[in-house]
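This report covers helix packing and strand pairing in one model. Please consult the sequence and coordinates shown below alongside the text.

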Amino acid sequence: MKRSLLFTTLLCGSLYQAAAADYIHQPSLRLTQDTTLYQAFSLEDRLDPATSAELLMTASPEESTGPTLPAPEPNKMATQVNVRPYRFKDDMTYVGVPLFVAGIIAKSEKASFRQNTQDQLHTRTRLLTNFHSEIDNYTQFAPAVLAAGLNFSGVEGRSDTWRFLASSALSYGIMAAIVNPIKYTAKEMRPDGSTRNSWPSGHTATAFVSATILHKEYGLTRSPWYSVAGYTLATATGVMRVLNNRHWVSDVLSGAGIGIFSTELAYGLSDLIFKGNHLRRGDLSATASIIDHPSFFSISMGMGLGSKHMTFNGDDLKMDYDDETDTYRDIHLKFATSTVVGAEGAYFFNKYVGVGGRLRVKSTPVKGWDMVASKRGAEMAETLKSASGSEISKWLNDYSVSIESDHITELAADLGVYFNLPLSPRWALGTKLLAGRSIIQELDIDGHASGTALKDMWIEQDPATSEYQIKFDFGDPYDVTWNYLTVGGSNTFKYGTGLSVTYAYKSNFSFKAFVDYDFTRKHYTMTYNETDFAKAAYPSEYEHSPEYYQATSSTIKKSMHSFVLGGAFCVSF
């Protein structure tokens, strides 16, 4: 937890320090004299320091040659001069609505195999990922903390302190009023089976409220990179909620939609309440144009669909034996909906053609192995139960299966040509042709066993009763963990294309909806080893017959077709 808090603190500090760069290129100020007033005073008046300082000297930008701007009216003291008042519709893009609906659509793609069931079949199989990070408890607030720090330290954003606090409080209030009733009405079970309040994700909603506050206060008024930083942290928070096994993809998508919509609505209501008061800075530019600025950088989040299954040869694996057919069953793996996040950018030579690249991470839950692992765990539990009370029970005290990673994760980097077709100053269609490299991180299930090592075992006849008894010679205690089951793929080239619709609501900011298609052809390998613990538990037998304890594997070659549906936040340049 301390490392997570330290990381978040350093990240916010770095972003805050970067804000100082805003002042480096500000025009210098100089004192100028109003010659009309100057000539109206006598020499004595001109020599009076108080009169000279109060009436004759005003500050203006170095490049300014016009008259000094008048002071604001007394009842508008909190508003900077010449800051255009915002209107309700200026703050409403409604981009959160399709994100929320996408979450509802994705609800049908849940993979229930990760539920923390307590039935006898699963008592020796921990069907929970061991990945856990608490950093998402901090990143959900980081963008808003950065915005508050900048505001309180005097770095001008959109609002003064009072309007900033009011808009922020209203944003979180609206978000909570939407999220909590849905959570406790829908009663959706979490992936880890802990509670029935999974949909939508409160952490993700909070993160996107924070990011949108930073976007409106400083991204729109000072630099687009504030927005990029905020939405990157918010997206990372949503992804970590999935990896932590606390939320489904649908929960994250709906939470992101609620967070954006709540903040836009809160700022729109602030426009109605405060009108033109308590404003410090206006937008960098209110005019949007895809035609003038097609080059972009974006961060995206979506869900991946496509190839749904793969089958490994049972005779190669020797994993699941069928007594009726006297053969080993094939192992069928199925894919659930993927969580996809990415960063993408392109430079356009003109308004139609450009070059760019994309970095994307796709994490895909896999099901199909779980019943085999559970069956083995139940069989071993029965064996341990039958041996309870006998001397042999010392040999194996515990045998269980746990998940290090229940996803196949793909990291892909692509380069290629981008095409843009402006439909109007605000709307454009886009497509691309990409080629790149795909790297796979494997699904990893570990076995765990503990007990006392068996050095030797023999049969001895009791002289008194003439009965034969099994004798044991035990050694040192052992506690081992090994790779029980892994599924991975080769690193290969990949090819892709896609179609997008972009809406520019400000000159430097756009929202994009897209569908991407990617193709790869990989070798996938499943490796299985149920008894590797024998190295420590029964070393003499392992050395005598190691072939009985070796891992088995099966490799297939499969073409993978992937479709990604998602949305992106874009900064134009």
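Glycine 257 lies in helix H12 (residues 249-274), where helices (H or I, at least four residues) and strands (E, at least two) are DSSP runs numbered from the N terminus. The model is a predicted one, in which local features need pLDDT of at least 70 and side-chain atom pairs count only at pLDDT 80 or more, while totals for chains, interfaces and linings use all residues. Residues are numbered from 1 along each chain as its sequence is written, and side-chain values use heavy atoms, with hydrogens and water left out.

Glycine 257 has a relative accessible area of 1% and is therefore buried (under 20% relative accessible area; exposed is over 50% and partly exposed in between, with a 1.4 Å probe and protein chains only). Apart from neighbours within four places in sequence, glycine 257 is in contact with Gly96, Leu99 and Phe100, contact meaning heavy atoms within 4.5 Å. Threonine 204 is 53 residues away from glycine 257 in sequence, and their C-alpha atoms are 9.2 Å apart.

Helix H6 (residues 96-106) has an axis that comes within 7 Å of that of H12, crossing at roughly 160°; axes are lines fitted to C-alpha atoms, for helices over the stretch in contact, and angles run from 0 to 180 degrees between N-to-C directions. H6 is therefore roughly antiparallel to H12 (angles over 145 degrees count as roughly antiparallel, under 35 as roughly parallel, 65 to 115 as roughly perpendicular and the rest as oblique). H6 passes H12 in a left-handed crossing; a crossing is left-handed if the near helix is turned anticlockwise from the far one by less than a right angle, and right-handed if clockwise. Residues making this contact include Gly96, Leu99 and Phe100 of H6, and Leu253, Gly257 and Phe261 of H12. By class, the contact of H6 with H12 has 11 nonpolar, five polar and no charged residues; Ala, Val, Leu, Ile, Met, Phe, Trp, Tyr, Cys and Pro count as nonpolar, Asp, Glu, Lys and Arg as charged, and the others, Gly among them, as polar.

Helix H10 (residues 202-219) also has an axis within 7 Å of that of H12, with a crossing angle of roughly 40°. H10 and H12 are therefore oblique to each other, and H10 passes H12 in a right-handed crossing. Among the residues in this contact are Thr204, Phe208 and Lys216 of H10, together with Gly255, Glu264 and Tyr267 of H12. Eight nonpolar, five polar and three charged residues form the contact of H10 with H12.

The strands come next. Two strands pair if DSSP finds at least two bridges between them.

| Strand | Partner strand | Sense | Bridges |
|---|---|---|---|
| E5 (residues 309-312) | E8 | antiparallel | four bridges |
| E8 | E10 (residues 353-367) | antiparallel | two bridges |
| E15 (residues 468-489) | E17 (residues 509-528) | antiparallel | five bridges |
| E16 (residues 492-504) | E17 | antiparallel | 11 bridges |
| E17 | E18 (residues 552-572) | antiparallel | 20 bridges |

Histidine 332 is the bridge partner of threonine 311, and lysine 334 has lysine 367 in E10 as its bridge partner.

In E17, methionine 526 is the bridge partner of valine 487, and alanine 513 is that of valine 501. A hairpin of four residues joins E16 to E17. Tyrosine 517 stands opposite phenylalanine 563 in E18.
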